[in-house]
Each structure stands twice: as C-alpha cells, then as structure tokens.
Amino acid sequence: MKDPIEFMQQNLAWLPRGIMSALEKFLRKLPPVQRIIEAEYAKIMPELEAGAKPYQNMLERNAELPDSGVARTRILNEMRKLKKLEEQRWQKGFVSGAVYHGDKAHVDFLNQVYALNSQVNPLHSDLWPSATRYEAEIVSMTAHMLGAGWTDDPEQQIVGTVTSGGTESILLAMKTYRDRARAERGVRYPNIVVPITAHAAFDKASQYFNIKKITVPIDGDFRADVKRMRRAINDNTVCVVGSAVSFPHGVIDPIAELSEYARERNIGFHTDACLGGFILPWAQQLGYPVAPFDFRLPGVTSMSCDTHKFGYASKGTSVVMYRGENLRHYQYYTITDWPGGMYFSPTFAGSRPGALSAACWAAMMSIGAKGYRDATARILKTAADIKKGIQAIPELEILGDPLWVIAFRGRADSNIDIYRVMEFMTHRDWNLNGLHRPSCVHLCVTLRHTQSGVAKRFLKDLNAAIKYVRDNPQESGGMAPVYGMAATLPMRSVVGDLLKRYLDVLYRV
Ligand SMILES: Cc1ncc(COP(=O)(O)O)c(C=O)c1O
C-alpha cells in the first residue's frame with residue numbers, strides 16, 4: 001500500500017462511522033501514517049499561521065507583564081491603529097455576517113451606553129437593579145416579537161434569560177431539557193434529534209453535557225426531513241430541534257410539522273432563531289413568505305434568538321426563551337450550603353458584563369419595531385438583487401430558497417471549485433463563509449451590504465472569480481485545500497487535529 005490515507009479516501013469512504021473511526025485510530029498509530037499526516041500539516045500550517053498573525057513583524061510581543069505600566073495614551077493609540085486597519089473590510093461591506101449594523105452613529109451610541117454601565121454586574125442584582133430591569137425587558141420584548149401571547153398561566157407564559165450569545169443560549173436550552181427529562185421522566189441516556197444543518201452549538205451541547213446527538217439528513221430543499229426526524233425520535237429523546245433560519249443555507253425547517261409531532265409525544269421542541277429571530281417577524285409583516293416558526297406554534301417550547309446579530313446590539317448578548325417557568329427552572333443554578341453564602345445564577349457565567357445588557361436594551365429601544373422592519377426591508381431587497389445576480393451566472397446555483405443567507409455552489413456540470421472562487425474573492429477583500437457537505441459558500445447579507453454599490457461590487461467580483469477559476473483550473477491555495485481535505489478525507493480526526501493546531505497558533509505569542 002503506497003499511501004494509506006489515499007487508499008482510505010478512494011476505497012473506504014462508504015464504511016460506517018464506527019468502523020471507520022476504529023480503523024482510523026489504529027492507522028494513526030502507525031509511524032508511516034503519522035509521517036504522511038505531519039507532511040500534510042507542514043504544507044498547510046504556515047499559510048494558516050501567516051493569515052492568523054498579520055502583526056507578527058509589526059507589533060512588539062508581550063509574553064509577560066510589563067515591569068511598569070504602559071502609558072494609557074500609547075495603548076489607546078496602538079488600539080486606534082489596529083481598529084482602523086480591521087474595520088475597513090466590514091465597514092465597506094466586504095464581510096458575510098459578523099457586523100450586522102455598524103453605522104457609526106449607532107455604534108457610537110452603544111459605546112456611550114457601555115461606558116455608562118461598564119462597572120455593572122447583574123450577579124449583584126441588589127447593587128444594580130437597573131441591569132435587572134434591562135434584562136427582564138430584553139427577554140419580554142424579544143418574546144413578544146416572537147409570538148408570545150399575554151396570559152396569566154405561568155406554564156404558558158414565555159419566559160427566558162439574557163445570555164452571552166447564540167451558543168450559550170443553545171447550550172443552556174439543551175442542558176435544561178436534559179435535566180427536566182431526568183427529573184420528570186427518569187431519562188438516563190438522553191438524546192436530542194437535530195437536522196444535520198443545525199448549528200454546531202447543538203453538537204457542543206451534546207459533547208459537554210453527555211447528551212447523544214441523533215443527526216438527521218435534510219431534504220432536497222435543504223430543510224429538515226420531517227419523516228426521517230420523526231423516525232429518529234425515541235423514548236430517550238429530550239428535545240427536537242429546528243432552525244429558523246439555518247446557518248449554512250438560510251432556510252426555515254418545517255417547524256410546524258416537527259413541533260406538533262414533538263408535542264404529541266410530549267417532547268420539547270427548540271427553534272433556533274439565533275440568526276432569523278430579528279428578521280423573520282418583520283419579513284412576515286412585509287409580505288415575504290415565512291413559514292410558521294415561533295411561539296405561536298403550541299409545540300415550540302423554547303427558542304434562541306440573538307440580539308447581537310440582527311438585534312443590532314454590541315457583541316455578547318442573546319436570549320433563550322422557554323414556554324413556562326417550570327422549564328426555565330431547570331436552567332437555573334442554585335447552591336444553599338456553600339461557605340461563600342447563598343449563591344444562584346441564571347446562566348453559565350457567574351459575574352457578567354451588565355454593560356452589554358444595557359447596550360442591548362438601548363439598541364432595542366432606540367431602533368423599535370419600525371426600525372427593525374425598515375432594516376429588514378433593506379436587507380431583503382439587497383439580498384433579492386444579489387440572488388438574481390447569482391442566478392444569472394450559468395456556472396452557479398443557489399442552495400434551497402433562502403431570503404438573505406445565500407449559499408451557492410458550482411453546478412454539477414460546471415467543474416467549478418467553489419472554494420477557489422471563495423479564495424479569489426478573498427484576494428478581492430471579501431470574507432465569505434466556506435461550508436461543506438455539500439461544498440458551497442454563503443453570503444449572509446447585513447445592513448453593511450445595503451450601502452450603495454456594495455451588491456453590484458459583489459456580483460462584479462463574483463463574475464470575475466468564476467471567469468478566473470474557469471480559465472485556471474489547476475491552481476490552489478489558502479483555505480481551498482483545507483476544505484478540499486475536509487470534504488474528501490475520511491479521517492475526520494486528522495482534520496479535527498488540524499483545527500486544534502490552528503487554535504494553538506491563535507494563542508501563541
Ligand atoms: C442559526 C445559528 N444558531 C446559533 C449560532 C451561534 O451563535 P453565536 O456565534 O452567537 O454563539 C449561529 C451563529 O451564526 C447561528 O447562525
């Protein structure tokens with residue numbers, strides 16, 4: 001055997017996952033295989049490292065505390081310089097997602113609010129009752145945007161907490177369902193049933209909290225496959241998941257059917273509206289086709305919705321919501337016999353940045369329903385123009401029928417390597433999201449792209465990228481080989497290791 005990895009790629013990709021990973025474990029211990037893998041890493045790592053550390057030769061390195069403090073003005077000047085360098089791309093609308101509003105007046109306002117509240121810690125609700133007010137109102141405003149009705153029944157009220165981001169909202173919800181199922185149904189081996197397109201945070205929850213994740217393929221429209229989801233549910237299922245919209249392809253899963261089935265089986269259903277929560281309600285009002293996804297569906301028992309995305313708050317807040325106080329209680333942490341005193345906290349963190357909650361509240365209050373509706377109208381109009389432009393490129397096709405998170409790939413007969421298209425776009429300053437299984441890239445349209453000329457520039461560069469890749473089919477570079485490797489390599493742990501090495505690089509001084 002010349003190259004065992006190549007052999008596995010070509011001959012064994014069909015093996016069931018368990019057998020493949022046992023084989024993989026065995027093979028990776030063999031010195032020749034280790035040498036091949038190291039050689040692959042050696043090819044890829046330097047380029048990744050150079051990309052991650054552009055300031056290596058420009059700034060001094062501080063591996064230890066400075067003897068005496070550096071002057072504040074010097075620190076501020078250096079930060080201003082870096083800010084200027086880094087804000088160009090997102091300000092001009094070259095970036096997919098990431099900064100969702102970014103207008104100077106809005107950012108300045110949020111920064112003022114942060115400055116006013118920078119010492120606030122919601123852990124001390126007695127010291128800062130203002131933070132308690134902001135957080136209670138953030139949850140209530142978000143819940144009512146997402147179909148919460150007015151009711152005195154505590155088990156039908158939509159309640160929730162403010163968290164640090166979409167991932168924390170999802171982690172908390174999954175832990176909550178696990179604990180409820182254990183307490184109320186005696187479930188010892190819990191599982192969650194998720195479409196393969198559900199955000200990585202569900203996998204993270206499964207790893208962190210020892211919950212089995214049952215992953216279900218999607219249908220031809222890139223939405224959760226209802227029949228297969230139903231079949232996957234069993235007596236140990238603590239929660240079924242759907243996205244509105246999904247991160248990869250920006251489509252809404254069939255949440256009405258899925259949540260109703262979960263309700264019939266008395267199982268929780270979580271709608272992940274981290275990405276779509278602040279767009280879909282307004283899109284619906286504006287007359288766009290939006291399938292039901294929120295608390296108006298009786299089977300939806302929890303939702304996550306990110307204020308720090310299309311809620312236009314500063315980075316670091318999201319909302320997790322539940323149908324009924326009983327469910328929320330499973331999220332809370334309390335300890336009554338700790339020598340440090342009576343201790344309780346609603347989320348994973350202890351101390352929390354109250355300034356971020358204040359800024360989130362201020363963003364929501366200053367924008368209001370009309371502001372969110374107008375912003376959504378602008379985003380969806382720009383996205384429609386971009387979709388039309390992509391559809392006009394014969395080599396490309398859009399995946400599913402998205403509203404504003406637009407995933408596209410080379411048509412099967414076009415021979416276009418979509419990762420090379422992404423690479424070309426990177427050289428033109430664009431920052432798109434590379435996706436795989438299937439190979440594609442996406443642009444998440446934000447308010448930055450609604451600036452004059454941005455959509456046109458995107459389409460012009462995309463057309464140039466297609467022409468270049470078509471005319472130069474052999475070249476490769478940047479992230480293209482990494483995605484290529486992940487797409488073809490059966491040895492998942494090799495790619496996983498590569499990502500861990502990349503994280504190590506990020507933390508190297
Ligand atoms: C659908 C969806 N869920 C969850 C998340 C996770 O959010 P965060 O990055 O804030 O943790 C994202 C992030 O893009 C998302 O798109």
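1. The structure is a predicted model, in which local features need pLDDT of at least 70 and side-chain atom pairs count only at pLDDT 80 or more, while totals for chains, interfaces and linings use all residues. Residues are numbered from 1 along each chain as its sequence is written, and side-chain values use heavy atoms, with hydrogens and water left out.

2. Helix H4 covers residues 72–91, and its 20 residues should span 28 Å at 1.5 Å a residue, which agrees with the 27 Å between its end C-alpha atoms. Here helices (H or I, at least four residues) and strands (E, at least two) are DSSP runs numbered from the N terminus, and the expected span is 1.5 Å times one less than the number of residues. Just after H4, Gly93 takes a positive phi of about 85 degrees.

3. Two packed helices are described by the angle between their axes and the distance between the axes. Helix H5 (residues 104–117) packs on helix H13 (residues 354–391) at an angle of about 140 degrees, with the axes 8 Å apart; axes are lines fitted to C-alpha atoms, for helices over the stretch in contact, and angles run from 0 to 180 degrees between N-to-C directions. H5 and H13 are therefore oblique to each other, given that angles under 35 degrees count as roughly parallel, over 145 as roughly antiparallel, 65 to 115 as roughly perpendicular and the rest as oblique.

4. The axes of helix H3 (residues 31–52) and helix H17 (residues 492–506) come within 10 Å and cross at roughly 35 degrees. Glu38 and Glu49 are among the residues of H3 that take part, and Asp497 and Arg501 are among those of H17. By class, the contact of H3 with H17 has 11 nonpolar, no polar and 4 charged residues.

5. Helix H7 (residues 166–185) and helix H8 (residues 200–209) have axes that come within 9 Å and cross at roughly 50 degrees, and that makes H7 oblique to H8. The contact includes Met174 and Lys175 of H7, together with Phe202 and Tyr208 of H8. Its residues divide into 8 nonpolar, 1 polar and 3 charged.

6. Most residues other than glycine have a negative phi, and most peptide bonds are trans. Asn210, in the loop between H8 and strand E3 (212–216), has a positive phi of about 60 degrees although it is not a glycine. A cis peptide bond joins Ala244 and Val245, with omega about 5 degrees, and Val245 lies in the loop between strand E4 (237–243) and helix H10 (255–264). Another cis peptide bond joins Arg437 and Pro438, again with omega about 5 degrees; Pro438 is in the loop between strand E12 (433–435) and strand E13 (440–444).

Methods
Contact = heavy atoms within 4.5 Å. Nonpolar A, V, L, I, M, F, W, Y, C, P; charged D, E, K, R; others polar.
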